Amino acid sequence: MRIVVYGMLALLVIIQYPLWLGKGGWLRVYELDRQVSKQMDKNEALAARNAKLSGEVKDLKDGTKAIEERARAEYGMSKEGEIFVQVVPGKRLPSDPAKDEARK
């Protein structure tokens with residue numbers, strides 16, 4: 001009787017091994033599911049970037065405003081007759097604590 005019980009227990013372990021640790025086991029499926037989830041997140045981010053770039057390409061092909069905006073922002077260009085003014089912040093003088101108290 002004891003041999004039969006140990007035999008059945010051994011068969012149970014042998015049957016369970018592929019389910020948990022085999023090629024298509026639960027652990028492998030869990031790991032693959034995590035990898036798929038990560039890849040889907042990456043794909044969504046790349047799709048958003050591609051949509052943004054395709055919008056920029058369309059604007060550059062169709063309109064001149066986008067080209068002007070890019071030239072102004074990236075290259076500091078201006079149209080004829082325009083005057084470029086750059087405001088440089090001045091040095092701040094050390095403040096007087098007595099004057100600060102008077103303002104409050």
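The side chains of Arg-34 and Glu-31 form a salt bridge, with N and O 3.1 Å apart; a salt bridge here is a side-chain nitrogen of Lys or Arg within 4 Å of a carboxyl oxygen of Asp or Glu. The model is predicted: local features need pLDDT of at least 70, side-chain atom pairs count only at pLDDT 80 or more, and totals for chains, interfaces and linings use all residues. Residues are numbered from 1 along each chain as its sequence is written, and side-chain values use heavy atoms, leaving out hydrogens and water.

By this rule there are three salt bridges. Arg-34 and Glu-31 both belong to helix H2 (residues 26–62) and are three residues apart, about one turn of the helix. Helices (H or I, at least four residues) and strands (E, at least two) are DSSP runs, numbered from the N terminus.

The second pair is Lys-79 with Glu-68, whose closest N and O atoms are 3.7 Å apart. Lys-79 sits in the loop between helix H3 (65–75) and helix H4 (97–103) and Glu-68 in helix H3, so this pair ties together parts 11 residues apart in sequence.

Arg-72 pairs with Glu-82, the closest N and O atoms being 3.1 Å apart. Arg-72 lies in helix H3 and Glu-82 in the loop between H3 and H4, so the pair links parts that are 10 residues apart in sequence.

The table lists residues that are partly exposed, that is, between buried (under 20% relative accessible area) and exposed (over 50%), with a 1.4 Å probe and protein chains only.

| Residue | Relative accessible area |
|---|---|
| Arg-34 | 40% |
| Glu-31 | 30% |
| Lys-79 | 45% |
| Glu-68 | 34% |
| Arg-72 | 35% |
| Glu-82 | 35% |
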